[in-house]
Structure formats: C-alpha cells, structure tokens
Amino acid sequence: MTIMQPTNPQDSRSSIIVYFKNPLLVAFILIVLLLIAGETLSPGFASMEQILRLLIVAALLGIVAAGQNLVILGGREGIDLSVGGVVSLSAVLAGNVMDGNNANIIAAILVCLAAGGLVGLINGVGVTIFGIPPLVMTLGMLGVLQGLLVVIRQGIPSGLAAPALANFVSKPFLLNLPGILWLWIAVGLLMAFLLMRTSLGYKIYAIGSNENAAYMAGVPVKRVRVMLFALSSMFAALAGICILGYAGTSFANVGDSYMLSSIIAVVLGGTPLSGGKGGYTGTMAGAFLLILMQSILTTLSIGESGRQVVFGITLLFLLLFYGRSKALRG
Amino acid sequence: MTEAHALKTRMATLFRRFPFLPALGMLLLLFVLNGIAEPNSMTVRALKGVASTYLALVFLSVGQTFVVYTGDIDLSVGAILSLVNVSIVVIMSQLGGEPYVVLLALLVGILIGALCGLVNGFVVSGLRMQAIVATFATSILLSGIALWVLPVAGLPAPSLFWKVYGGRSYGIPNVFFFAVVLIAILAVLAKTSMVTKLLAVGNGQLSAYQSGLSVTRIRIYGYVICGVFAALAAFCITGDTASGDPLVGGAMTLSSVAAVVLGGTALSGGIGSAFGSAIGAIIIGLISSLVFYAGIPSEWQNLAQGATILVVLMLGVLASRRINQ
C-alpha cells in the first residue's frame, strides 16, 4: 500500500511523524493497545476464542467495507450510502430463498448477488450517465430499498438460514478458523490482487486521483465507475448472506448500522474520502479496530449512554490521525 | 434565433438568482396532484396536519443548507434535534410548565443547538476533519448525551407547549405563523453578508481565503447556524409529539440532506437557497401524503414513496445542472 502514498517532502524532516502518518501502522498499534486494555479491564477479553468471535463480526463489516472502499477509491466524492439497504435486502432474500434448507444455498447466493449487482448497476448508471452526485443517488436508492424490504417481508414469514450456512459462519471450518474468516481472507487477497496487479486496479487509482487525466489517457471512466458501484452492492449482498448465517434468521433492517460504519472502517484504514489513495489492507484493520472498540465498551459498565459518549469521543480522537485536509495557509 | 437565445439567457439568470424555481414548480404540481387524489387534502385542516408534521423537517433542512453552502455536510442534525428535544422536555417537567419556564427551556434549547454546532464546526473546520465522518462521530456522542438526559421515550411536555403549537390564533393555525416567522428569519439572514460569505467559501476555499475571508471561522458559523435551526426544529417536534424521545431525530438527518438537494442546493457548495430547502422538505411531506391518498396498498406505500423521491431527486439535479451550464 505504501507505494500508493506519495511521501510529503515536509514529512521527511521527522521520521517519527512519517510513521505516525502511516494509517495501517497506527491501526495495528491501536489494535494491540486496545487488546491489552481490554484484557486489563476484563480478564479473558484477549483470549483466543474471544478474538475469533470479534474477528467474525469484523469480517461481516469488513466485507461490506470492501465495496465501500472501492467506491471511495474511485473518487469524485464516491460514497455508497445504499450498502446498508442492500445488506438488509440480501439477508431477507437469502432467508426466503433458502428457507432453512441446505439444498437452496447456491440458489440463494445467486439471487442475492444478482439483486445486489442490479442495485449497484442502477447506482452506477445514475452517477455516471445522469451525473447525479453519488451521495444523492445512493441516498435515494436507500429509500427505495427500505420500501422494497417492506413489500418483500409482507405476508411472508422471515426466512431461515440453512444449517450449513450457519455452521460456515460460526463453527470451525479449516485450521480451527470459521469459514467466514477464510472468506474474508479471500476477499482481502482478491482486493489486493485487483488493486495492485490488474489494469482495473490502476484505472481505479487513476480516476480516483485525477479523472480528467485518466480520461485523456484512455481510461473508460464511466464503465470503471459503474463497475465499482456494482461491486460495492455485490460485496454488501455477500455480507448480507453471511449476516443471515450469523443471526440464524433475518430480521428487519439488520443492515442499517453498516452504512456509516463501513465508511468509518475505510477512513480508519487510511483511505481518505477524496479517493485515489489507500487500499484494502488498512480497511481490514480499520474494521477490526472499530469492532474491537465497540466490544471493549460493552465490557464497561457505564450504560448505553456512556458507551455512546465514549465511542463518539474516541472516534473523533482517532479521526485526528486520518486524512485531515491541509491548512489553507502555507 | 437571437430572441430565443436572449430568452434562454434571461431564464438562466432568473434560475441562477432563484435556484429553487424547479422545486417550486414541483411543489405546485404535488399540490394539484394531492387535490385531485383527495379534494379534502386541500382543506385548512388537512394542510395544518401536513404543516405540523413536516415543519420540523423544514427547519432542519433549512439549517442543513447553511452547512451545505460551504460544501460541508452535517450528519449530526438529527442527534442535535433529539438532544434539544429531551433537554427542554426534562427542564420543563423538572421546573413545572409555567410560561417563564417554557421560555427558559427554549432559550437553553437554542444555546444547546448553537453549542453542538460550535463543536461540529470546531472538529470539521478547526481540526480539518472530513465532514461526513466527523459529524457522524459527533452524532454518536450527542445521541449518547441525549440518552443520558432521558433514557426512555415518553416524558410528556407541558400542555402549554403543545397547545400553542397545535392551536389557532385569529382562526389561523399557529403553525402557519411559525412558517411566516421562518420566512422572516430567512429574509433577515439574506440581508446580512453571511450567506454570501458561506457561498463564497463553497465556491472555492482557496480563492475565498486569498480574497481575505476567514474561511475557518465562516465554516464554523455555518455549523452554528445549522445547530440553532436544529434546535428550532426540535421545538416543532416537541410541539407535534408533545413528549421527549432520545431517538426522535435519528431518521431525519438523511431526509434533511434529500430536502436540501431537492431545493436546488448543490452538495458541492457555492450555490443554493435555504428557501428551496424548505420547499424540498414540504415536497417530501406532500409525496408521502400523495402516496397515502392515491390509494396505494399499505405495504407498497414505502416503496412508492422511496422511488418517487429518488426520481424527483434525479430530476432536480438534472434540472439545476441544465440551468447552470
């Protein structure tokens, strides 16, 4: 990831500042510190099975954040507010299609990815062909998806996860790790390969850092951007299926909390909202950091209000390290 | 040919001066459609219902506009609204519902709103954080404080409060007077140089800075104005629901952003009108009442509403871009 971040000549004056400006390193240091703090506050917090449990929750967020990451990298105020709606829609669709039966898993995955792809395609077309700002387009799409959920849930009892899916998410699958973690690792490798080793990856960074220059250089800007939105919704759909497996049954608006936390995970991972730089490794760390913070707060007996206050202040403090814009003077 | 061109230029100038004109057209169309679907929806009584429900969103969207003018965004407006709502209800229930207590509560409410705006302005403009994530973080913080002030919904507001909000003076519902007050506030603000400065910052921070504007301070002012309007919106919600609810504003944040865009204000900053945002908020209200009156089956109503808002948002953005070209 470091090669994508041009070093600021000013930074070379002090090597400590350079290290502190590497978001991936900051995130890892914070993760270790938080684990130590958690273990001190409540012994057993940093035990292996507890960390595994946190990683499962982080994987669900991390997969949503992968798509969010792509859209944000593509620049031009790229952001996807509809991911939460897609997660909910996908969890409901998957539950209804598989209906607790292992034989229907493949069909459910296909339906969900197709539905997600379609939503992303519409988002992408709205943003590129019609030129609607991503925030407005995906905000409107979120409203449509919330309405669609009401229609789909009407009269149909909410579906059940197939046993194999539930086991995949929470039971050890390979080398004592649950399947969802292998899936997350696969998503991580896929993203690293996509961003670092394919021409699509270079095109994404190109349109993210300077769209006009990329266009002049022959990058099909609109097609790439449509693809980013489609991928974002498909990752959200994939996460929705896993969340169904995690919860066992789909309940209303299960995806709501993923909208803004996926954006926060991306930012904490060192991808600024202005796009064009950053990568997914940081986002994975950001997702785990976010889940870890929330988990430590639940071990404190300070009540829901205190938890939210501490969480908000901590987030603000963390954001001090990430992607602050330059001062106008100087 | 030249005449047509001249007309086009004049139209463009007109739209640039009043960016809310497309929204105004849409508003009139929605009034007509509502009237056709259900003639009774155009009675003073029915309109009063729409107004008392959506006046809070109107104030909230107007507030959001002052932040969007500079190209920023405030995702904490809903949380500010909730915090002010529970704070004033708790103050009034602790000290009794006498008129001077109600006035004191309103004053404290406005101070809380301004203070929240100051915090937002400090983190976004002073500390130069990214507005979307920073105001989301402050919204978590403020919701936490709201939950601390009033852990569960349902504490009633004194009767004086909702009787004034829901009552009539000289036969005219009071909510319409509040709407007039809003228009007066906007007219006064339009006379000051503040709106021009905010728009200048939105047009280009560097050029605004180089022409001698204190960009950091102006962006903070935008957030403070927004916080004060969120407090006013909280007064409307308190009058409408007659109770305190620490989660009441949560769902309204994104609606306020939608209303701002519907009103012809560009999210990139530099162009727009607060009056348009007020129209945008009423458009959202009229769409939901139209969906209701049009006889759409209840389970399809949310979808119809969401799809209509998406289409209207897209049309609005297309129209304003056409004009600005």
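This is a predicted model: local features need pLDDT of at least 70, side-chain atom pairs count only at pLDDT 80 or more; totals for chains, interfaces and linings use all residues.

Analyst: The count of disulfides over all chains comes to zero.

In chain A, the closest cysteine sulfur to that of A:C112 belongs to A:C242. These two sulfur atoms lie 10 Å apart, which is too far for a bond, since a disulfide requires the sulfur atoms to be within 2.5 Å. A:C112 is also buried, and its relative accessible area is 1%. In chain B, the sulfur of B:C236 has its closest cysteine sulfur in B:C226, at 14 Å, and a bond is excluded because that distance is too far. B:C236 is likewise buried, with a relative accessible area of 6%.

Salt bridges are the next kind of link to consider. Over all chains, the structure holds four of them. One joins A:E211 to A:R225, where the closest N and O atoms are 3.0 Å apart. This pair links distant parts of the chain, with A:E211 in helix α10 (residues 211-216) of chain A and A:R225 in helix α11 (residues 221-247) of chain A, 14 residues apart.

A second example in chain A has its partners within one helix. A:R307 and A:E304 meet through their side chains in a salt bridge, with 3.4 Å from N to O. Both residues are in helix α14 (residues 303-319) of chain A, and they are separated by about one helical turn because they are three residues apart. An α-helix has 3.6 residues a turn, so residues three or four places apart point the same way. A:E304 is partly exposed, with a relative accessible area of 42%.

In chain B, a salt bridge is formed by the side chains of B:R219 and B:D72, at 2.9 Å from N to O. This pair too links distant parts of the chain, 147 residues apart: B:R219 is in helix α11 (residues 215-241) of chain B, while B:D72 is in the loop between α3 (44-68) and α4 (77-95) of chain B. Both B:R219 and B:D72 are buried.

Helix α4 of chain B also holds B:N85. This asparagine is buried, and its relative accessible area is 1%. The side chain of B:N85 reaches the backbone oxygen of B:S243 at a distance of 3.2 Å. Leaving aside neighbours within four places in sequence, the residues in contact with B:N85 include B:A234, B:I237 and B:T238, as well as B:S243, B:G244, B:D245 and B:V248.

Among the buried residues of α12(A) are A:Y258, A:M259, A:S261, A:S262 and A:L268. A:G270, with a positive phi near 95 degrees, follows α12(A).

There remains the interface between the two chains. In chain B, 42 residues are in contact with 48 residues of chain A. Together the chains bury about 3,800 Å², of which 79% is on carbon and sulfur atoms. Of the area that chain B buries against chain A, 17% is supplied by B:R128, B:Q130 and B:E299, more than by any other three residues. The number of salt bridges between chain B and chain A is zero, and two residue pairs are in polar contact across this interface. On the side of chain B that touches chain A, two or more residues are given by each of α6 (131-149), α10 (205-210), α12 (252-262) and α14 (298-324) of chain B. The largest share of that side, 13 residues, comes from α6(B). By class, the side of chain B that touches chain A has 31 nonpolar, eight polar and three charged residues.

How values were computed:
Residues are numbered from 1 along each chain as its sequence is written. Chains are lettered from A and ligands numbered from 1 in the order in which they are written. Side-chain values use heavy atoms; hydrogens and water are left out. Contact means heavy atoms within 4.5 Å. Buried area is the accessible area (1.4 Å probe) that two parts lose on being put together, summed over both. A salt bridge is a side-chain nitrogen of Lys or Arg within 4 Å of a carboxyl oxygen of Asp or Glu. A polar contact is a pair of N or O atoms within 3.5 Å; within protein, one must be able to donate a hydrogen and the other to accept it, and residues adjacent in sequence count only if both atoms are side-chain atoms. Helices (H or I, at least four residues) and strands (E, at least two) are DSSP runs, numbered from the N terminus. Ala, Val, Leu, Ile, Met, Phe, Trp, Tyr, Cys and Pro count as nonpolar, Asp, Glu, Lys and Arg as charged, and the others, Gly among them, as polar. Buried means under 20% relative accessible area, exposed over 50%, partly exposed in between (1.4 Å probe, protein chains only).
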